[in-house]
Amino acid sequence: MRISNDQRQMPRSLPPGRRTVHSSIRMDDSASTRGFSLLEVMFALTIFFLAIFTILGSVSRSLGAARSLQQKFPDISALVADLMLTNKVEEGTGGGDFGDLFPGYTWTGNTNQIGTNGLFQIDFVIQSRRGRQLFEWTNSIYLWRPDSKVSAYGRRL
């Protein structure tokens, strides 16, 4: 028995209760419809992590700079402010501590007249002892106080 081409193209009849489902969606296996390739994902992740690490590095440097700006030790500004409020300075040595503001730090001031016209040099030494180490630094200022008492050696009193 021979089957013609017309008969081959005719759909065979299905048993009762079954239907044929025709789909208009085609499955295309081309590369453009399968999603991202592994290489594309790796490039995207590399760019993402480079950006994140750059931002984190910048934040870390900013925090380090902010920490370095914080004053961790006393300076002579409070001591000089006290001297600037007075019109008279006396030669000699004095000292003290910074109280609760900077616990563990002490200061010593040595005042000397360096000119006959009332010019004084005041040397401040700030010290701190941490364990067995002694930290010490010196700052000097010059004050002109012509109304101050001066010592012997031909200077006014």
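User: What makes a set of residues a nonpolar core here?

Analyst: The residues must be buried and of nonpolar type, such as Val, Ile or Phe, and joined through side-chain atoms within 4.5 Å. Buried means under 20% relative accessible area. The model is predicted.

User: Which members of the largest nonpolar core touch the most other members?

Analyst: The core has 15 residues. Ile76, Phe98, Ile122, Phe124 and Ile141 touch the most other members. As core members they count as buried, so each has under 20% relative accessible area.

User: Which elements supply this core?

Analyst: α3 (77–84), β2 (105–113), β3 and β4 each supply at least two residues. β3 gives the most, with four residues.

User: What does Ile141 touch?

Analyst: Contact means heavy atoms within 4.5 Å. By that test Ile141 touches Ile76, Val80, Leu83, Phe120, Gln121, Ile122 and Phe124, leaving aside residues up to four places away in sequence.

User: How do you know that β3 and β4 pair?

Analyst: Pairing needs at least two bridges. β3 (residues 119–130) and β4 are joined by 12, so they pair. They run antiparallel. Gln127 has Glu136 as its bridge partner in β4; for Val125 the partner is Thr138.

User: What lies between β3 and β4?

Analyst: Two residues, and the strands form a hairpin. Gly131 in the turn has a positive phi of about 65 degrees.

User: Why are β1 and β4 called edge strands?

Analyst: The open sheet has four strands in the order β1-β2-β3-β4, with antiparallel pairing. β1 (92–97) and β4 (133–144) each pair on one side only. Neighbouring strands are turned by 15 degrees against each other on average, direction ignored.

Definitions and conventions
Residues are numbered from 1 along each chain as its sequence is written. This is a predicted model: local features need pLDDT of at least 70, side-chain atom pairs count only at pLDDT 80 or more; totals for chains, interfaces and linings use all residues. Side-chain values use heavy atoms; hydrogens and water are left out. Axes are lines fitted to C-alpha atoms, for helices over the stretch in contact, and angles run from 0 to 180 degrees between N-to-C directions. Buried means under 20% relative accessible area, exposed over 50%, partly exposed in between (1.4 Å probe, protein chains only).
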